[in-house]
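I opened the notebook to look up charged side chains. The entries follow in the order I made them.

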Amino acid sequence: MAGIEKYGAVKLVTRRGFVVGALRALCLTLLGWLGGAAFLRWKCLGVDGTWACGACPDRAACRFAAALPSKPASGRRMVWQLDPKKCIQCGGCAVNCVRQPSAVKCVHSFEMCGYCRLCFGFFQPGAKTLTSAAENQLCPTGAIRRKFIEEPYYEYTIDESLCIGCGRCVKGCAAFGNGSLMLQVRHDLCLNCNECAIARRCPASAFSLVPADRPYLFKPQAGKGQP
Amino acid sequence: MKTFLNTALAAGAVAVLIAAMYFLFSRPCREPACSAGYDAAALKRTDPALVLESSLKIIRPRMTNLAAIAVDRGGNIYAGSDAGVEILDSNGTHVASFTAVGPVRCLAVTPDNLVLAGGGDSVAVYAGDGALEKTFCTGAPESMITSVVGASNFVFAADCARRVIWRFDRAGGAPLVIGERDGDQRKAGFVVPSVSFDLAAAADGSLWAVNPGEHRLEHFSGDGRFISSWGKAGLAAPEFCGCCNPAHIALGPGGSFVTSEKHIVRIKVYDKSGVFKGVVCGAEDWPGEAAAPDIAVDPAGRVLALDRRANAIRIYTLATPW
Amino acid sequence: MKIYAALFALLLAVLSARGENRFPMPQFESGYAMPAAAEPGAHPGLFEALDAAVLLGALSLAAWLVLRRRSRRGVLLLSVFSLLYFGFWRRGCICPVGSIQNVALWLFDGGYVIPLSAAAFFILPLAFALLFGRVFCAAVCPLGAVQDLVVLFPVRIPRHLARALGFFPYLFLALGVLLASAGAGFMICRYDPFVAFFRLSGDLAALAAGAALLLLGVFVARPYCRFMCPYGVLLNWMSRLSKWHASIYPDECVQCRLCERACPFDAILVPNSSLVPEPREKGARRLTALLALLPFLALAGGWAGASLDAKLSANHPVVRQADALKGAPAASGSFKSKMLESFALGGGKAEDVRARAAAVREKIRLGGWIAGGFLGAALGLGLIGVSIRRSRDSYEPDRGECLSCARCFMSCPREHLRLRGGGKIEPENGGAHGG
Amino acid sequence: MEAEKKERRPLHLAAGAAALAACAFSVLLSILMVSSLFDARASSPLARPELDQWRAALQADPANAAARDALRSFDLAARKMYFGSLASLRTGAWLLLGAAAAALLGFKAVAFYRRRLPDPRSYPQDEDPLESAGLARFTLAATGLALLAGAVALGLKARAGAADSARRAVREAPPLASAPAGEALWPGFRGPAGSGACAFTNLPVTWDVKKGMNIRWKSAVPLPGRSSPVIWGNRVFLTGATKDKREVYCYDLAAGTLLWRASVDSGACRAVEVMDDTGFAAPTPVLDGTNVYAVFANGDVAAVDFCSEPRWTVNIGLPVNSYGFASSPVAYRDKIIIQFDNNPDKGGVSELVALAKASGRSLWKTRRPVADSWPTPLLIETLAGPQLVAAANESIIAYNPDSGAEIWSVACRGSDSSPSPLFAEGLVIAPVTHDKVYAIRPGGRGDVSQSAVAWTSEDGVSDVPSPAAAGELVFLLQSDGTLACFGAADGKKAWEAGLEKYFYASPVIAGENMYLVSREGEVLVLKAGPRHEEVARASLGEPSDCTPAFAPGCIVMRGASNLFCIAVK
């Protein structure tokens, strides 16, 4: 620091210098404490939000990093996600995301899908003919593809480059079908803003921060594994 | 001069600054656009003109978590729950109850008052006093019995996982599979996208079954031959809408039909040739309910509907005779 | 796949509890293989560590450039790098300015775990300010960098005006911390004018405000940093206590006045020992009066802040829900009706919501007292700060305001001498960017 | 130095030109981008009214090929436009960034070439530090004060907004009492049993509003109404309405302060014509300890909890009624039951309507073969279970309050019938206006006109006021002031008296005494006994058509514009 002494040092009145130095030391200690606390909290926290060392009777154990279970860092990284169980498909995700089109897309849980011929997530209610013509489609951007598999089953897949996350199909499927379509934040698109613009305006408070290593909240995968 | 200019500039700058920030701050929180073009609530409204005049009586069984109801020839009401079966008389006063071997998913009473309780891959047969007589098993592990009916000499069980109807003789033997895929009339056989696959036994020993994915009711002879079918898909009141409807059916006096639907939760009446008669109760009467209520028709022609949320049985007495 | 296991277990629990139906899968005969829903993962976690590391490196480099190397060009290049990395590549999130709120939320809400990067972004610049002055503002902060680059024709804002505007950062700091700690949203992020640029997308309003600020910044150097940035307040305090700080001259001031106009932020204090001070007792009387006024200002501010509880708490989701629940049903399609719809879906009890909302209101009311008191005190101290005179006999940077941008160095003849003597940099390309 | 400048001149110019060009370009670009942003907004997939129109057309006529093709082409165009404009925005952003950077570099270069050596002599003398300090103090203080003032103004505004909000009302209201025995309980029209009688004896018989004698409190009622006050624990509820405003009020029984007012609007907001004698808030609300259920002249029915939180609001249809809807609701278990009699000649339908207390949803409706009438149905307990007796011009019908099924009926030939029936000595006593007083044994089933009528009486047939009963005596008051006293069991007239006043309010009996409120607000207190004997007289000082409500130690009466609480001091 010699150079700094030489060029950058500021000569201080000694009394003032003492006070300033003391204050500086205090602030540095505070900042250090803050950092240490943040680290401990982060290190001690289980994925489920409880203290990982909560099992041990005295919290003191947490102070020793050695006593702590080493969790993967990603376990404590949080990302935004919306809970389909709370979602009411208000359409806010389509308009409130800082990205256009939105980082919220419709995802299809095929395990829950009935593969119906008349899919209320795909067709306008009261569609006269069951063709994928514009007048019959519910999706405003035609982002759902309908493919015939075998009588009487049809597969429905989402083209995410077209999906704008308005949730109309989700509403239709929830109202009249098995509810296999749901809105989710796609994390390859989400910027993970410090404050999510959609969450702020979600009337259902369906958005929350979830651990980044399990970043999707699908409804229970009902179809999985028959007995 | 210079200072004056500076002050002016600075003042202007500050003005712009404040204006910009005010613009930002005062911007009202954008409200989500109503996902226009899909007002599910509107679709679920019932046209009051179609509602059949009826009076409602509500009875409350003692058991909780009710899953199925049935009525015997005497008009006694049977309610099945995950714990067992409760028997009430036609006025709803408690008569008896017994515990079942497993949770009861569907319930039926044979003409000679044996209680058939279906669940999982088997049908348990109880005597009127609750003694377990025998158990019919489909022998197919994945099967899921969602409906059972007892005709005079056969027991039929609907299997929503295998998408077939099983027929047993009264001894529980000679299982016969009804309604498998056949190329011609019924291309895909039974289409069951979700767990709702109901049966009803006609007086003549023939069988009515729901084909929910195809939105129609299908008629089979007692020996399993497909006879006919009726019903069409659509949102209109006479039609069946959504995934897998009607969810439950029951046969009224004179072979007329009572159907119960999910999503748009409503109970409707059709005559014996499938002509729409009217709505007993529409979605307005089932607030917060999405599943279809199990239904039954008692000898007096009253329509019984199971209200799971209230853990009660609604009894609609239609003003107009059948 | 862990998630599926968990969810399926949950499902089974639900089933056993409510006897809910399961969905039988269709039996495909055409050998159709069921696809799985794609689940693209989030950005890899190492970014957090990387960001913190880059921040640390940039800060150290900045300190070295400003205090040791005394190179404006280096600072400029570093700030361009910071703009590209923290701004356009990392999309301006997380930034230290916003990290204030993460820290506040974390300190007041036990449930919230602060991301380590956020903690680092909050702590490191302050620590560096304590040691080396506001080198963070000079070359590391992307918001500062984007403004610093557009400073072309800076004008001097009259001191008193600058003083008045300098009060707004305190306002933002107080409000931001209050709302964040009450869980009522991150106001500072909400009104960050430049993050929309870094994302190259966003509200028209936000973009417009940012553009306005940048245009303004051509003449009024760094308007956001000086007149809005809440983090600047903390940095200002720390910088006043800094151990080392950039000085205009390398060794001694020759009173040549050449640097007097070199600072676009008007953060250079001119010598005043030569001027006649005002009569001592007059100043003393004013000072005592202001000191006496201080507590009253704090009280008044606190009261005003507390009286804003209703307005402020309207930002909190629970309070909004409680307000929606009160009064007659709203028109369908309105935000209120949607809140009611979701409330009906959740099947909660209105009483609980109301109770929770009342609790939040009380919390925010208390917070309003504290924040308002802080603002009042800040005002009083500002007045006092204006009124005390410290005598200087050389040109010095105002430690609080100085952003250590190194612009003034090249206007000092002693610096040129130093460079000649050192011979490190040829004079002609020792580019002096001072306006 | 000069030479250096010279040789750099071309560079200088070039830089300047480049900078200006870049500026122009970026300005142009930003204009384009803003326009394409508005394109994206305009072609937002979320709002495409044209599409909906064509869809409607197709729904109407599926064969309409023109509409179909128009729809398809428009849909395609709109999607193209939307995604196209989004894409152009993305590219434009990068271009703009580049252009801005170029302009910046250019200007930097210009500034660099233009730079001059600093010349302190040219600097204006820096402003005098003392003066500037003074100015700074001033501006800083001004800013601070301005902010302070702004904050306070905002705060006060919010306060004013929340002044009469439920939150504050609840905070100020005394703790809620679910009326146990001994507490005040007057939950509906004419008291707990609908008999207009209670056993309290510690009530004043005289008072003076002007002198304040025996007046516990008197508070103004914001909106007019002829509904009578009802009482639960420490709270008094009543309703008021005008043609287009309907409100429920809650007063503190002890102090008379208006705790809260809740406005009721089902959104049906259909105008209805009523006579002034009836008004827009004639039905008396009914209480069940958690909610107050109020009915208004336009068919709005609302449930508001005791803390002013609205529970639900429904409209059961526009009454078609020659005087205006007046029948009060009845609370039975989980139901609110309303006798909704309408004029068939004007296309009205008479029904007994049962709404769920919880949701306001209609549980059942039973058609009534009667024309419009005004009585409030009477809930009675019989051996055969509860019955709801609804009197009207053509018949008196008892229903099963659970299902709405008819139990028994008695035919009659009245008109404009208003008085509500009464239950005394095991008999339903129903005066039918312009016909007779019927006393009916409630045992039977079906048409019991012949079998179940215990006695009838030609006189004492009241037209507006409802009867009251004290033990074995029934008191029948006519609006012209004729008061008749009958034996409830046998229908023998004990006495009759002309009171020379006009009455709409129903007589109510507290212990020994009977209170009769005349139309101009005179209150007669008579002995409710086998002989006509006047106890005292007092006046409200303003007209009143509302039936008093009794609480231990006090009487609550509603005048034309005030609510009075009268108690012995």
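I began with Arg16(A), which sits in helix H2 (residues 14–44) of chain A; helices are DSSP runs of H or I of at least four residues, numbered from the N terminus. I noted that the model is predicted, with pLDDT of at least 70 needed for local features and 80 or more for side-chain atom pairs, while totals for chains, interfaces and linings use all residues. Residues are numbered from 1 along each chain as written, chains are lettered from A in the order written, and side-chain values use heavy atoms, without hydrogens and water.

I looked up the exposure of Arg16(A): it counts as partly exposed because its relative accessibility is 38% (buried is under 20%, exposed over 50%, partly exposed in between, with a 1.4 Å probe and protein chains only).

Next I turned to salt bridges (a side-chain nitrogen of Lys or Arg within 4 Å of a carboxyl oxygen of Asp or Glu). I found 54 of them over all chains.

In one, Arg70(C) meets Glu415(C) at 2.8 Å, N to O. The two lie 345 residues apart, Arg70(C) in the loop between helix H2 (46–69) and helix H3 (72–89) of chain C, and Glu415(C) in helix H20 (residues 413–422). Both Arg70(C) and Glu415(C) are buried.

I then checked Asp266(C), which forms a salt bridge with Arg159(C), the closest N and O atoms being 3.4 Å apart. Asp266(C) counts as buried at 17% relative accessibility, whereas Arg159(C) is partly exposed at 24%.

My last entry is a network of salt bridges that links Arg72(C), Asp148(C), Arg222(C) and Arg407(C).
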